[in-house]
Amino acid sequence: MPELPEVETVVRDLRPLLIGRRLGRVRTGPHGLRRPWLKAWTKPLTGAVVEAVNRRGKWIVVSTDRPERLVVHLGMTGQLTVADAGVPAPDHLHLWFDLDDGHELRFRDPRRFGSADLFPDAAAAEAFLDARLGPEPFDLPADVFRAAVARTTRPLKALLLDQSVVAGVGNIYADEALHRAGLHPETRGHAVTPAQADALREAVAAVLTLAIECRGSTIRDYVGGSGLKGGFQTEFRVYGRTGEPCGGCATALERIRVAGRSSHYCPACQPVGDRG
DNA sequence: CTGTAATCCTGCGAGC
DNA sequence: TGCTCGCAGGATTACA
């Protein structure tokens, strides 16, 4: 699924296609969406004009000239795109709006791990997001991250996947950042030096920046807001490359399970350190 | 506070 | 070819 770079690409793609457009009829698919926190579709956005499309962590927030906020999460396989209304609706379409220019805003999600909710106003949406998300990775103070690392015995991989520590990092970019920082995914936070914590924070920001420049990574389902796939998957140094030689030292890359997720790393470049 | 597992779903590739 | 199995960009909940 889409992590921060993919979601950022979606909102950048959607802005020119959506801002200024008037939403028409809204329709929902037969399956509904998974785990909606709010189902206020009784107050539809029909007739509202889109004013902004923003990202917070892996969440997308669509604002209009009305108070309500549409908050979308792509889950593992979600796609939020603008398509010509003449293009036949694909399978697994769950929510779509007519636009006033002959296009449609479509939310498609085969696995239905995503969500789309309508919050009553900006404050409610913000409260919802802030309750579960830490700082954005590009806006994460060094001392804050050092402290978060130092105070826990959790493995670094689990820390990076915790959205309340830093928002937007998922399984791919956690592995890629740990490799770039030379840290083993099982290394415990309290065993990490401040310099290593800084290196990890910088590696996270760096890999996310590169991935955004490549429009994210497409492994299977991901597409941007205009339907284009990402390109960063060819730049992976460890993710999905078990058994292949490390680009830095040629040691065979390995895969283990950490925090319930597949974790890819180089046993030579990423020394085990203190596993607690 | 931790960690682990299960859960929600569909689809695909590997292996037999 | 057809089947089963394991695995997948995530987040939440229950439980040890």
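Predicted model: local features only at pLDDT ≥ 70, side-chain atom pairs only at ≥ 80, totals over all residues.
1. Two strands count as paired here if DSSP finds at least two bridges between them. If you want a spot to check by eye, take D98, whose bridge partner in β7 is E104.

2. Zooming out, that pair sits in an open sheet of four strands, ordered β1-β6-β7-β5, with antiparallel pairing. The edges are β1 (23-28) and β5 (79-84); each has a single partner strand, so one side of each is left without a neighbour in the sheet. On average, neighbouring strands are turned by 20 degrees against each other, direction ignored.

3. Helix α1 (residues 4-18) packs on this sheet and touches β5 and β7. The direction of α1 makes about 30 degrees with that of β5.

4. Now the core. Nonpolar side chains tend to be buried together in soluble globular proteins. Here the largest nonpolar core has 68 residues. The residues with the most contacts inside that core are I60, V72, L160, V169, Y173, A177 and V204. Take V72 as a worked case: leaving out residues up to four places away in sequence, V72 touches I60, L80, F107 and A116.

5. Last, the DNA side. There are 14 residues around DNA strand B, and P110, R111, T152, R154 and A158 come nearest.

How values were computed
Residues numbered from 1 in each chain as written. Chains lettered and ligands numbered in written order. Near = placed C-beta within 6 Å. Core = buried A, V, L, I, M, F, W, Y, C linked by C-beta atoms within 7 Å. Buried ≥ 20, exposed ≤ 12 C-beta atoms within 10 Å, placed from the backbone. Contact = placed C-beta atoms within 7 Å. Helix = DSSP H or I, 4+ residues; strand = E, 2+ residues; numbered from the N terminus. Axes fitted to C-alpha atoms, helices over the stretch in contact; angles between N-to-C directions.
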